[in-house]
Amino acid sequence: MESAEKTMKIKYERPVIQKLNTGLMNKFGTSTEIRPVIDIEGIPVSKLIQTYGSPLFVISESTIRKTYRKALKSFTARYPKVQFAWSYKTNYLNAVCRIFHQEGSWGEVVSGFEYDKALANGVPGEKIIFNGPNKTPDELRKAISNNSLIHIDHLDELYTLIEITRKEKSKARVAIRINMDTGIYPMWDRFGLNYENGRAWDAINKIMAVETLELTGLHTHIGTYMLSANAYKVAAEKMASLAVSIHRKYGKWIEYIDMGGGFPSGNNLKGAYLPGVDIVPPTDDFAEAITSALLNSEMDFNHLPTLILETGRALVDSAGYLLGTVIANKRLSDGRRATIIDVGVNILFTSFWYNHKISPAQEFSPFKENMELFGPLCMNIDVIRDSVMLPPLNKGDHVVIHNVGAYNMTQWMQFITLRPRVALIDTKGKSHVIRELESLDYINQLEQVPAHLIDENSE
Ligand SMILES: *Cc1c(COP(=O)(O)O)cnc(C)c1O
């Protein structure tokens with residue numbers, strides 16, 4: 001009992017002083033001060049909307065490059081071999097992917113469609129990481145012949161790979177995805193094989209026993225929008241311990257440890273008291289947790305694995321803006337102000353879990369009011385913000401929605417309205433269309449009307 005108490009002694013933690021970005025308290029709590037956002041990188045919002053229409057997604061190339069370089073530096077300053085791989089599902093617009101590839105990022109894909117997109121963007125096969133639970137035999141064959149890195153999700157996939165490679169007398173470079181207890185619950189245990197119950201180790205041994213498979217690395221992706229750097233430390237320690245076990249048993253050091261993504265962006269999670277910028281740990285904290293765990297492990301320093309990171313949202317969210325226009329104002333039954341804008345939840349998917357920061361795009365009076373912001377869809381769920389303090393906005397005014405670069409331009413739905421244009425502002429301040437406005441023709445291209453439903457008189 002006594003000795004247990006001794007070991008239970010709580011570790012001393014250094015106090016941390018951190019500047020908060022929230023404003024003063026008022027009856028609605030703390031709110032960040034609202035300032036108008038008149039332009040994006042020097043181009044007036046009104047001009048962007050005039051040129052490309054409303055709503056409009058705008059992506060800042062220089063923000064992507066700056067964010068990428070800063071994050072990469074956090075890791076390379078602490079660890080000798082680092083490689084980033086761009087998570088396609090986070091934003092797979094070709095122009096965006098190519099910025100990441102120009103910066104040196106590999107491609108990380110989770111479907112055959114994304115795999116082909118990465119190839120078409122010029123990523124060499126051996127620099128594509130193929131993740132996910134659903135890879136068809138044909139897709140696996142293609143990945144094998146391109147020498148890509150195949151991250152095995154389950155034993156059925158392992159058996160398929162054995163069958164294919166033996167039949168075709170080919171060799172596949174594989175890793176396994178590992179899930180584990182990192183102290184964050186609910187635990188993500190549906191992808192990959194579990195560390196604690198020995199399934200991961202079992203899969204490793206199965207792979208080592210097959211002559212057509214080459215175990216190149218170990219992969220994990222412990223969650224998304226993770227606020228705990230310590231969870232990554234725990235995960236990196238477990239990955240390193242597996243690498244050490246592999247070496248002990250087989251005399252082979254794996255080539256890489258892939259720690260996945262999941263670092264948070266500065267977005268405001270619903271239900272959080274403070275804005276994202278105040279609660280999100282800096283990338284340095286994650287880099288420190290991961291790299292120190294790897295360096296302090298028993299892995300041989302001369303055979304340190306490359307550290308791969310598949311960071312998605314943290315690298316692109318802040319580079320994306322969604323511009324919109326006020327359609328109308330009305331008073332709800334309880335007297336509250338409601339403002340309807342032309343941005344619906346079908347193109348702002350992340351509004352389901354974020355309170356996106358919204359700025360008026362023109363000067364306004366100091367008066368502010370609590371209001372509800374609706375989208376244009378004829379659907380009750382189309383609420384962009386259910387309660388937000390903003391100056392009253394007039395019909396025709398513009399708004400800027402911040403931190404929309406991650407997941408919106410992949411998860412958006414064509415629903416009731418057509419999906420808007422996406423513009424890129426390059427590093428010289430010039431704007432380009434990188435995805436066109438959808439059209440009725442584009443939507444109709446895939447549809448067919450059986451002959452008996454075509455009325456001859458209408459032809
Ligand atoms: C989605 C995903 C990522 C990117 O996650 P973020 O939370 O956007 O950083 C990385 N790796 C894998 C395997 C993923 O599924």
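What follows is a short tour of the domains, the ligand and a few spots along the chain.

Before you click, know that this is a predicted model, where local features need pLDDT of at least 70, side-chain atom pairs count only at pLDDT 80 or more, and totals for chains, interfaces and linings use all residues. Residues are numbered from 1 along each chain as its sequence is written, and side-chain values use heavy atoms, with hydrogens and water left out.

**Stop 1: colour the domains**

**Stop 2: where the domains meet**

How many residues of domain 1 are in contact with domain 2? There are 27, and they touch 26 residues of domain 2 (contact means heavy atoms within 4.5 Å). Together the two domains bury about 2,300 Å², with 53% of it on carbon and sulfur atoms. Buried area here is the accessible area (1.4 Å probe) that two parts lose on being put together, summed over both.

Now select Ala319, Tyr354 and Tyr407: in domain 1 they lose the most area to domain 2, together 28% of what that side buries.

What about charges pairing up across the gap? Between domain 1 and domain 2 the count of salt bridges is zero (a salt bridge is a side-chain nitrogen of Lys or Arg within 4 Å of a carboxyl oxygen of Asp or Glu). Polar contacts do turn up, with 17 residue pairs across the interface, both residues at pLDDT 80 or more. A polar contact is a pair of N or O atoms within 3.5 Å; within protein, one must be able to donate a hydrogen and the other to accept it, and residues adjacent in sequence count only if both atoms are side-chain atoms.

Next, show helix H13 (408-411), strand S21 (421-425) and strand S22 (431-435), the elements that give two or more residues to the side of domain 1 touching domain 2. S21 gives the most, with three residues. Helices (H or I, at least four residues) and strands (E, at least two) are DSSP runs, numbered from the N terminus.

**Stop 3: the ligand**

Zoom in on the ligand, which has 16 residues around it, the closest being Lys89, Thr224, Gly262, Glu310 and Tyr407 (a residue counts if one of its heavy atoms lies within 4 Å).

- Glu310: an N or O atom in its side chain is 2.6 Å from a ligand nitrogen.
- Tyr407: an N or O atom in its side chain is 2.6 Å from a ligand oxygen.
- Arg313: a polar backbone atom is 2.9 Å from a ligand oxygen.

**Stop 4**

Pro55 is in the loop between helix H2 (45-52) and strand S5 (56-60). Another cis bond joins Tyr185 and Pro186, with omega about -5°.

**Stop 5**

Finish at Arg78 and Asp284, a salt bridge with its closest N and O atoms 3.1 Å apart. Arg78 lies in the loop between helix H3 (61-76) and strand S6 (82-87) and Asp284 in helix H11 (residues 283-295), so the pair ties together parts 206 residues apart in sequence.
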